[in-house]
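Please look over the sequence and the model before reading on.

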Amino acid sequence: MNRQSTTRPNGVDRRSVLAAGATGLALATSGCIDRVESAVGQETDRLALSITTVPADGDREAVRIARQLEANLEAVGIDASLDMRSRSEFLEAVLIDHDFDLYVGRHPADFDPDFLYEMLHSAYANESGWQNPFGFANIPFDDHLEAQRRVDGEPRRERVATLLEALAEENPFDPICFPEEHRVARTDRFEGWSADHPESRHGYLELEPDEDVDRLRVLVTDSRISRNLNPLSATLRERGSTIDLVYDSLATEHDGDLVPWLAEDVELRSADGDDDHVAEATITLREDCRFHDDEPLDADDVAFTYRFLEDTALGRSEFPSPAPRYRSHVSTLEGVTVESDRELRLEFATGLEAARRALTVPILPEHRWREQVEARVGNAEAFTATQGQWGLVTMDNVPAIGSGPFRFESRSEREHLTLERYDDHFTGREDVDLPAVDVERLQFGIDPGSASSIERVANDGADVTASMLEAHALETIPDDPAVDHLESPSRSFYHVGFNARIEPFSNPHVRRLVAGLLDKSWIVDEIFDGHATPTATPLPEEWEPEELIWEGTDPVTPFFGADGELDAEAARAALEDAGYRYDEQGRLHQ
Amino acid sequence: MDGEVLTRVLTQVAVVVGLLLAVSIAAFVGRDRLVATAREWRPRIRASAPAFAVLVVVLWLNRVMRQAGPGISERIGLHMTETFYDLEGEFVLVFQSIATGELTAYFSFIYVYGYAFLLIFPGVAYFALSETRTFRRLLTAYSLNYVIGLAFYLLIIAYGPRNVMPEELTVTMLYDNSPEYQHLTREVNRNTNVFPSLHTSLAATVGIFAYETRSSYPYWFPVAAVLAASVAISTMYLGIHWAIDVVAGLVLAGVCVRLSGTLVGRRPIARLRRYLDRRPASPDDRE
């Protein structure tokens with residue numbers, strides 16, 4: 001038992017005292033008073049927690065983690081239960097309604113650590129969407145989030161390291177592991193699988209079909225893409241490439257670098273010392289780009305997109321209504337100036353690295369979205385566009401009109417979504433240095449099971465599985481030369497998220513104690529059959545400070561026990577140290 | 001593309017159930033009844049048409065609700081997974097302790113083929129009876145099962161054991177062992193439709209009818225009883241339903257059989273219609 005170090009209240013360090021500051025202190029004290037009163041023995045004050053997660057059909061590994069956690073919470077006297085929701089209802093509960101105690105899920109993450117700004121900044125604590133679902137609010141932490149985005153290179157690395165240390169300390173969510181991404185693809189109809197991540201723009205671009213192969217048959221386990229194509233929907237997708245295929249962005253990430261996409265040229269540079277902003281970019285769009293409805297795409301559409309993501313009601317609502325996605329992407333922007341049809345100047349409040357994500361948002365056609373806003377607002381005098389929930393961000397947006405390499409063709413709910421090649425797309429031009437699209441048609445079929453998806457690829461009923469295959473089904477991948485097993489590391493991570501708005505998780509000590517009920521090594525070995533990497537941070541190794549590097553056990557919140565076996569006595573003692581009381585039946589009271 | 005697997009599975013089911021039907025019609029229904037049916041099928045169809053039409057409408061409604069249901073459920077439904085799990089815990093795992101490869105194969109077969117056969121055969125058998133009331137009652141009981149079941153599915157959102165305890169159920173889980181069946185069941189059902197178990201209620205309905213008609217079909221009753229019990233167990237063995245769903249299914253079956261007796265009169269509606277049509281009744285139509 002070498003774990004009684006930093007987390008116990010009798011060993012509170014300076015940072016957590018600071019952390020308990022502004023927001024925590026008031027809540028913590030009022031909680032204490034409640035506790036004293038309730039300790040007098042009311043049955044109802046037993047600590048009850050509900051773990052929100054998706055069913056095994058949605059994510060078998062998540063359910064198993066949730067059940068393990070449930071069992072361990074029960075073992076320390078907490079009345080734990082599972083709250084099982086479909087994928088979209090799960091995100092609705094967590095991201096929109098904030099109606100949860102704690103949840104087990106997977107975060108899509110991003111190529112730059114600045115996604116943490118979106119996840120954790122207190123300015124977003126009351127917004128609905130991917131921004132700060134935890135309701136986490138901590139002033140020193142906000143400073144860390146802001147500091148890392150203003151600088152680049154080594155100084156940024158150091159600040160991100162500080163940020164990660166503070167994150168591990170505060171633990172609004174507890175990262176568990178990075179799963180490996182496994183997929184299968186048939187090699188006899190298409191070539192070029194291994195070149196890129198199969199779920200990216202380049203992944204679909206570089207495929208070469210054999211002669212007389214006119215469509216790529218893609219399998220996804222998630223039916224949501226057949227129901228909704230709204231790029232702003234927070235609940236109907238967390239990752240996946242359809243939006244990237246239908247819409248263009250100024251630049252696109254390829255192998256960790258940003259390459260110009262809709263922009264012919266992106267000149268991103270640090271600002272002069274006497275400017276207000278930190279970085280700026282000059283964007284030149286490619287010539288003669290058009291949306292799928294044949295309307296021209298120009299710099300005004302780009303400027304519109306940024307304004308629209310900031311306020312989807314375009315100033316017509318009583319309060320601004322920021323989009324429930326891409327929140328931190330656009331928050332890096334300080335000014336957008338349209339200089340000509342094809343030229344824009346962007347000014348950033350952040351350094352070059354954090355600014356890059358702003359260039360990856362989907363560019364929306366102004367004529368269509370403005371019309372949608374007008375239609376919804378109408379002539380109303382006082383209009384409220386409920387942030388993250390109003391019609392515009394929840395509508396299905398079918399057919400989606402973008403400018404991307406593929407256009408919407410047809411769909412059947414819960415069965416398929418079919419996209420066809422957009423022949424006027426710039427990737428098809430001779431003078432553009434990007435691979436041209438050879439596939440005529442992409443047919444995304446829905447197959448909810450990993451095992452049945454693999455079987456269908458093996459039987460030539462499909463060409464590739466786009467969704468990540470679940471670990472338990474990997475052993476069914478046949479040893480067949482016509483079937484390629486594609487493996488890539490994942491940025492996305494499994495985690496337990498805490499609702500810091502309410503008791504008991506408004507208290508960082510409790511968040512850390514609950515994290516200590518998770519044996520991450522055991523989870524990776526048993527639940528993921530080793531097809532994952534345990535972690536103490538939400539970022540890949542190159543960002544991790546030395547103290548947080550995983551070495552067989554969690555460096556911050558080690559498991560109470562070993563090999564998946566909980567040492568309930570030790571955990572109970574720690575909870576008592578944190579101010580909780582046990583009754584005669586061993587049940588935990590607040 | 002989904003269609004390919006589905007067509008293959010459907011063909012398989014059609015062939016197997018067709019064979020079972022052929023054998024059992026020969027064994028249970030017998031030549032005499034078939035000859036009589038060949039002679040009297042028109043009036044019997046006329047008499048049963050309303051009950052049949054109702055069933056068709058109900059099945060169509062079931063199909064429509066597969067699309068519309070989730071939206072409605074999200075608004076009015078109650079999440080009950082945890083309640084069921086709290087109530088019975090890991091009870092369904094008792095079947096895991098007796099699991100063998102043969103048993104898994106048997107119950108998978110029962111769940112898909114046995115069930116389809118169990119529902120279709122009584123339709124043929126009772127149509128072959130000279131009186132049409134049993135046949136009409138059966139169709140009505142089927143309709144009631146679906147309608148009441150559907151109402152519960154809208155009100156109660158719950159996931160079955162396979163969605164809650166995937167690791168304990170990997171050995172017998174139907175869709176892991178035979179992924180192709182997922183395409184079939186997905187056509188008729190959704191994963192939150194677990195309470196009550198319609199597999200159980202329809203199978204039990206057939207079982208009760210088999211008991212009531214044992215004087216006409218003495219050998220069918222034991223066969224139906226074994227099949228119906230197997231279907232009920234298979235839903236738990238394969239991790240699809242909770243024991244509570246199965247119990248509710250049994251209750252639903254009892255209610256539906258009872259109601260079908262009340263609702264379906266001894267004087268067929270067809271007779272009334274004929275009367276309205278002012279056509280003379282043919283003696284064949286009388287019960």
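What share of the contacts in chain A with a separation of 6 or more comes from residues 24 or more positions apart? The share is 72%. The model discussed here is predicted.

## Overall form of chain A

Chain A contains 17 helices and 25 strands. Along the principal axes, the C-alpha trace of chain A spans about 75 × 60 × 50 Å.

The radius of gyration of chain A is 25 Å, which agrees with the value near 25 Å that a compact globule of 590 residues would have. Of the 590 residues in chain A, 54% are buried.

## A residue in strand β17

Q443(A) belongs to strand β17 of chain A, which runs over residues 441–446. Because Q443(A) has 19 C-beta neighbours inside 10 Å, Q443(A) counts as partly exposed; the cut-off for a buried residue is 20 or more.

Q443(A) can also be related to E206(A). In sequence these two residues are 237 residues apart, while their C-alpha atoms are 17 Å apart in space.

## Where chain B touches chain A

The contact between the two chains involves 23 residues of chain B and 26 residues of chain A. On the side of chain B that touches chain A, at least two residues each are supplied by α1 (2–76), α2 (81–88), α5 (161–164), α6 (174–177) and α7 (180–188) of chain B. With five residues, α1(B) gives the most to this side.

By class, the side of chain B that touches chain A is made up of eight nonpolar, seven polar and eight charged residues.

## Two packed helices in chain B

The packing of two helices is described by the angle between their axes and the distance between the axes. In chain B, helix α8 (residues 198–212) packs against helix α10 (residues 243–263) at an angle of about 45°, and their axes are 7 Å apart. This angle makes α8(B) oblique to α10(B). The crossing in which α8(B) passes α10(B) is right-handed.

Which residues of α8(B) meet α10(B)? They are L198(B), T200(B), S201(B), A204(B), T205(B), I208(B) and F209(B).

Methods. Residues numbered from 1 in each chain as written. Chains lettered and ligands numbered in written order. Predicted model: local features only at pLDDT ≥ 70, side-chain atom pairs only at ≥ 80, totals over all residues. Axes fitted to C-alpha atoms, helices over the stretch in contact; angles between N-to-C directions. Helix = DSSP H or I, 4+ residues; strand = E, 2+ residues; numbered from the N terminus. Parallel < 35°, antiparallel > 145°, perpendicular 65-115°, else oblique. Left-handed = near helix turned anticlockwise from the far one by under 90°. Contact = placed C-beta atoms within 7 Å. Nonpolar A, V, L, I, M, F, W, Y, C, P; charged D, E, K, R; others polar. Rg over C-alpha atoms; globule rule 2.2 N^0.38 Å. Buried ≥ 20, exposed ≤ 12 C-beta atoms within 10 Å, placed from the backbone.
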